[in-house]
Amino acid sequence: MAAGRALAALLAALLAALLVASAQLFPREVSFTIALHKADNTTVMIKLKPGLSPSCRIRMKNVIRSELNIKAGENVTFTFTCSTPEKYFIMEIQKNIDCVSGLCPFGDVHLYPLGLPRLNRTYIWDVKASTKAGLELKFSTSWLRQIEPGKTCPDSVSYNISSCIDKAMVNIGTFCRNGSVSRIKLLGGVVMSLHLPWHLPFTTSGFNIANRASIKRLCIIESILKGESSITLMSPNYPLGFPEDELMTWQFVIPSNMRASMFFHNYSLSNCERKEERVEYYIPGSPSNPEVFKLSDSQPANIAGSFNMSLQGCDQDAQNPGILRLLFQVVVQHPQVDENVTHLVDLSKEKNMTVTLHPEGWPSRIPLMSEPICLICKDPRTCDRVLTLTSGAVYRISFLCKDLSQLRITAEKGIGCMDIRWCQRKIYSLSVPKAITRLSIRLHKFIWKLLATDMINVEIKSPSLKLQHSTAGRCNASYRYSIVSATSETELNVGEFCPGGSIEKIQMRNNITIALKTFGKGFINESLPQDLKMSFVPHIKDECTFTVSPNPKTEVCLQAPNWPYGLPPSVSISWFIIVPSKQTARLEFSKDRMGVACETGRAFVNIKEETLGAEEIVCREDELLPQPRNMHHNFWVNVSNCKPVDKTRLTLQFQVTFADKPVDLGIILGVVAGAGVLTAIGLTVYCVKKKKKKTQNPMVGVYNANVNTQMPGKKGLLGKGRQNNESHVYAVIDDAVVYGHLLKESNGSVAPEVDVYRPFDGPIGSLPPSPPPFSFRKDIKCSSNTEEEPPSLMDTDQDTYTFAHQKAGQSDGAANKKAKGDTSVPLLENKEQDGLVE
């Protein structure tokens, strides 16, 4: 018996565990009962969400179905076959209200019926009304905020309002809670929809219905704005077309101590057969109510107090109606302290210039409508976020802005030359006009567009400040110059430059755009010493030529245009580097190759000093660039590109370092020895003069101590031979202080031989070096020597020092000048033309 009772207890425990497990696996279905009164004229529909598989069903009287439609007067009980029906089902509750044949249920609209399943649901009120009686929807204190179609509300609660006119539906708009729209009056019937998420318990709809007299227009939307705010509204059916030949009105209720401004951000016009599409403002106190504007006009700003705005359509072309639509913004703010302060912008003497005042980041970034507004006004009622001023006029502008630091200025000026005869002597100053720098707004960019015909080129100079590449990392100024040379086919980015370098002049071909960009608040203080000048010059050989005039003992970093993306195909660039007379320049390339592989043609780098008989160094793209070398005279660096193979680019960057020339000990000893000889000769002459005061003797020469007294070397190693230089020529002195009697033999019958120096007077070119013809390429080597081999001091020349008689009519000063002068002829003469400064 005891064993039997124990077995029974065990079976009971097992049965209880099975029942609990089955209850957990198969939970009890919750039932819902919906009872609709026939007089309420309400229907309820429960259906699957679009695109979902029927994993959950509706069970009603042991019948499984995917949707349930409950009509007015029915009482239905049902369950769901899953525990989370909100994932699968949505619900629509529609109530029809007849305000034409019956009484309207004025007052608050309640949510009916109660006890509905917790599903995402949409309440729809379809109200039929006469077009002779306006129907008003009044919203609770939270009011509504209009949003663009396709956008959602933060809390997923949204209202959609449509109007019925002659059986045509017009979508007034979609709205969220917490806005400024307090009332909407509509002509005819209304379809009002309220979308609620399943998890929010709502017991009231948030609006009520009232009946008013006919409004004689499509609708009136009332918006109440308190304090500083910004709202966005759209025309009905936006972004589709506003109904043909319709009229609607927005009423804006604004405190009298506030100011409102209108901005049209997006609009389009239809094709009108009759009338004209427009907006009309009724502003209390205005002398010309209504004020009529086109949609393309700047809209009124700085409006004090409440006002109305109406949108009027037209009779459209039946074949091509087009679309009338409008999205606009209303900004309300306190009156600004300096709104009556005007700023004078005098552009009356400027030509071909525009000045645009705009928010920071414009036009790529448009400020959000929620951001604080900053307006620029041409007059108290004409204000906008962006204002463009043109040359030839005087403007008095004011600002409705709490913080002017969010505003910027962008200006553009055009300078052209179609005939070099009229503009070659003209010099233009590329500086920011004072009319701009005087404004308390930061300059963002000033653009100069330099236009000329094909055979006229542009030269820019910065004589005092000079320029340097901004990529060198040495720019401390608050502004940069961006220079671009462009044609219809190619664009050459010459580079970005800042003041304080060594580039004195840049000559460029084609049309040029120079943009001054600022980087900080210090530009106003730094803008005063700007010295960038521009002039038009005749046609130049290369696409771009730089003239570099460094300060002593400096390092200059130079790079080819389009750095670091590579020089365009078939482009030639030159640099002319000026070496001070008492210094040497050390030229060093940043890498050992050009980095380009040619598909057609060849790429070359040419280096040549500007001195007589200088060797020209030529390197091809498949050869190593020269090793660092010292340059003793002004020199040229030229690079010319080929048509490169894809993905290879010619990039060239080099440094030039300047240092004092080393002092030659041989020269010092020679000068000391020469000085000793002159001293001895002077003493001898003094003594002789004491003995013979008026003895007449022939003219003879004295040793010229101003020339090189270094012991001559081999002819092949010197730049010019003894017969080709002036180291053995003596200056002529007057015979009143002679010592010729010491040199005479046989009473003056024997005269010394005379060796006359004949300087080279052939033609010397003034253009930069260029690559030789391809057929001569085999005779030119790319030298990698860092220094010239010094001449041997042990080798002597057999030339003798001689005397030269003074020619008739030649002054002593001219003779001394020739004796001291340099006989080399420069490759490029710096001839500056005097001109007018504009």
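In the predicted model, two strands, β11 (144-147) and β13 (168-177), each contribute at least two residues to the lining of the largest cavity. Of the elements involved, β13 gives the most, with 4 residues. The volume of the largest cavity is about 60 Å³. Its lining comprises Gln146, Ile147, Pro149, Asn171, Ile172, Gly173, Thr174, Met234, Ser235, Asn237 and Tyr238. When these residues are sorted by class, 5 are nonpolar and 6 are polar, and no charged residues are present.

The second largest cavity holds about 50 Å³ of space. Two or more residues of the lining of this second cavity come from each of β7 (89-98) and β9 (120-128). The largest share, 3 residues, is supplied by β9. The residues that line the second largest cavity are Thr42, Ile93, Lys95, His110, Leu111, Tyr112, Tyr123, Ile124 and Trp125. By class, the lining of the second largest cavity consists of 6 nonpolar residues, 2 polar residues and 1 charged residue.

In total, the model contains 3 cavities of 30 Å³ or more.

Definitions and conventions. Residues are numbered from 1 along each chain as its sequence is written. This is a predicted model: local features need pLDDT of at least 70, side-chain atom pairs count only at pLDDT 80 or more; totals for chains, interfaces and linings use all residues. Side-chain values use heavy atoms; hydrogens and water are left out. On a 1 Å grid over the protein atoms alone, a cavity is a set of points where a 1.4 Å probe fits but cannot get out, and a pocket is an open set with protein on both sides within 12 Å along at least five of seven lines; lining residues have an atom within 4 Å of a point. Grid points are joined across faces, edges and corners, and a volume is the space filled by probe spheres set on the points. Ala, Val, Leu, Ile, Met, Phe, Trp, Tyr, Cys and Pro count as nonpolar, Asp, Glu, Lys and Arg as charged, and the others, Gly among them, as polar.
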